[in-house]
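I opened this notebook to record what I looked up in one structure. The entries follow the order in which I went through it.

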Amino acid sequence: MNTPNNKRKKESMDRIEKVFIELLQTKELDEISVSDICKRAGLNRTTFYANYTDIYGLADAIRDKLENEVSDLYKEEVMQGFNSNDFLKLFRHIKDNQIFYKTYFKLGYDNNYKIFRYDTDLAHNHFQNKFIEYHMEFFKAGITQIIKIWLKGGCKESPEDMFEIIKSEYTRRTE
């Protein structure tokens, strides 16, 4: 492989993504053009199209990047076949990557993600394995809204505080 070209391509993609995310903080997706991005990134359109099919392809690439980062947080657990329900890792990641998460939600991807690993033992204990799909969706919607509120407030509460909020919702079920 040609390492200098790979490095240059990576740097170009990083600049394009950074500018796109910055623009999304003040504009809607349909108000952003490839020309806007290229001008602010100091790149030509050919560079953009060598890496992305269009603005929507760029948005999808950013979504994939964030979803992969979140998956990596729990990779070891998945490989070992257990679920720690440790949302502290997630809340720390959100606090450290607020702009990414704000972008993710602004693009409307929050309704599209799937829960790949669900604690079926916990579901059995709490719900006797009834209506699990409904419980999963309820949980997903709840945690998504909690994260959005936290982001909107600038993540003033600590990740530990946010984790305690989630834990308290589980604890009430077992009492």
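The entries below go from the whole chain to single residues.

**Basis.** I worked from a predicted model, in which local features need pLDDT of at least 70 and side-chain atom pairs count only at pLDDT 80 or more, while totals for chains, interfaces and linings use all residues. Residues are numbered from 1 along each chain as its sequence is written, and side-chain values use heavy atoms, with hydrogens and water left out.

**Overall build.** I looked up the secondary structure and found 10 helices and 0 strands in the protein chain. Helices (H or I, at least four residues) and strands (E, at least two) are DSSP runs, numbered from the N terminus. I then turned to burial: of the 175 residues in the protein chain, 32% are buried. Buried means under 20% relative accessible area, exposed over 50%, and partly exposed in between (1.4 Å probe, protein chains only). Among contacts (heavy atoms within 4.5 Å) with a separation of 6 or more, 63% join residues 24 or more positions apart.

**Nonpolar core.** Which residues have the most contacts inside the largest nonpolar core? I noted Phe 20, Ile 37, Phe 48 and Phe 91, in a core of 40 residues. The elements giving two or more residues to this core are α1 (3-24), α2 (34-41), α4 (55-73), α6, α7 (98-106), α9 (132-152) and α10 (159-174). Helix α1 supplies the largest share, 6 residues. Such a core is a set of buried Ala, Val, Leu, Ile, Met, Phe, Trp, Tyr and Cys residues joined through side-chain atoms within 4.5 Å.

**Helix α6.** I listed the buried residues of α6 (residues 87-96) as Phe 87, Leu 88, Leu 90, Phe 91, His 93 and Ile 94. Asp 86 caps the N-terminal end of this helix, with a side-chain oxygen 3.0 Å from the backbone nitrogen of Leu 88.

**Cysteines.** I searched the whole structure for disulfides (pairs of cysteine sulfur atoms within 2.5 Å) and found 0. Is Cys 38 buried or exposed? Cys 38 counts as buried because its relative accessibility is 5%. Cys 155 is also buried, with a relative accessible area of 1%.

**Lys 10.** I located Lys 10 in helix α1. Lys 10 counts as partly exposed because its relative accessibility is 47%. From Lys 10 to Asn 51, I noted 41 residues in sequence and 9.6 Å in space, C-alpha to C-alpha.

Notes. Polar contact = N/O pair within 3.5 Å; in protein donor to acceptor, adjacent residues only side chain to side chain.
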